Structure formats: structure tokens, C-alpha cells
Amino acid sequence: YLREWCQMGRNEAAGGLTLAQRRMIDALVAGQTQPEAAAVAGVSRTTVQRWLHLLNVRQALHDAQAAA
């Protein structure tokens with residue numbers, strides 16, 4: 001968990017996404033629910049909800065949905 005948190009901070013600072021965040025976005029774009037996307041990403045539903053409040057994650061999700 002700590003490694004993921006540290007990596008998340010570095011990636012977010014650079015505007016990027018963690019692998020788990022990318023997996024979550026892919027799952028959501030594929031039509032899965034938030035709990036299902038959380039399972040795919042290997043995180044809790046609470047983490048998915050927290051991530052969806054992050055500007056870079058929201059933008060990446062919007063971009064992925066527009067491209068789908």
C-alpha cells in the first residue's frame with residue numbers, strides 16, 4: 001500500500017496515472033461498475049471514489065470515454 005501511495009504521489013505530480021488508476025479507467029470505460037472497477041484495479045471502492053475526485057483522473061476518464 002505504501003509503495004502504491006508513494007508512486008501515486010509522484011505520478012500525480014507529473015500529471016500521470018498509476019497502473020491501478022489506468023486499470024480502473026479501462027474498466028469504467030468498458031461499462032463496469034465502480035465496485036467492479038475497484039476489483040480490477042486491486043483497490044477498494046472508497047479508493048476509486050477518491051480517485052474520481054482527482055482532476056487528472058477525471059480528465060483521463062473523460063478522454064478515454066470520448067475515444068471509446
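The axis of a helix is here a line fitted to its C-alpha atoms over the stretch in contact, and the angle between two axes runs from 0 to 180 degrees between their N-to-C directions. In this predicted model, the axes of H2 and H3 come within 8 Å and cross at roughly 140 degrees, and H2 passes H3 in a right-handed crossing. Where the two helices meet, Ala20, Arg23, Met24, Ala27 and Leu28 of H2 are in contact with Gln34, Ala37, Val40 and Ala41 of H3.

From this pair the reader can turn to the largest nonpolar core, which has 15 residues, and in which Met24, Ile25, Leu28, Leu52 and Val57 touch the most other members. Two or more residues come from each of helix H2 (19-29), helix H3 (34-41), helix H4 (45-51) and helix H5 (55-67), and H2 gives the most, with five residues.

Leu61 leads on to H5, in which Asn56, Val57, Ala60 and Leu61 are buried. Seen down the axis of H5, these buried residues fall within an arc of 135 degrees, so they line one face of the helix. The face of H5 turned away from the buried side carries Leu55 and Ala66, which are exposed. The length of H5 can be checked as well, because at 1.5 Å a residue its 13 residues should span 18 Å, and its end C-alpha atoms are 18 Å apart, in agreement with that expectation.

Definitions and conventions. Residues are numbered from 1 along each chain as its sequence is written. This is a predicted model: local features need pLDDT of at least 70, side-chain atom pairs count only at pLDDT 80 or more; totals for chains, interfaces and linings use all residues. Side-chain values use heavy atoms; hydrogens and water are left out. A nonpolar core is a set of buried Ala, Val, Leu, Ile, Met, Phe, Trp, Tyr and Cys residues joined through side-chain atoms within 4.5 Å. Buried means under 20% relative accessible area, exposed over 50%, partly exposed in between (1.4 Å probe, protein chains only). Helices (H or I, at least four residues) and strands (E, at least two) are DSSP runs, numbered from the N terminus. The expected span of a helix is 1.5 Å times one less than its number of residues. The arc is that of the directions from the helix axis to the C-beta atoms. A crossing is left-handed if the near helix is turned anticlockwise from the far one by less than a right angle, and right-handed if clockwise. Contact means heavy atoms within 4.5 Å.
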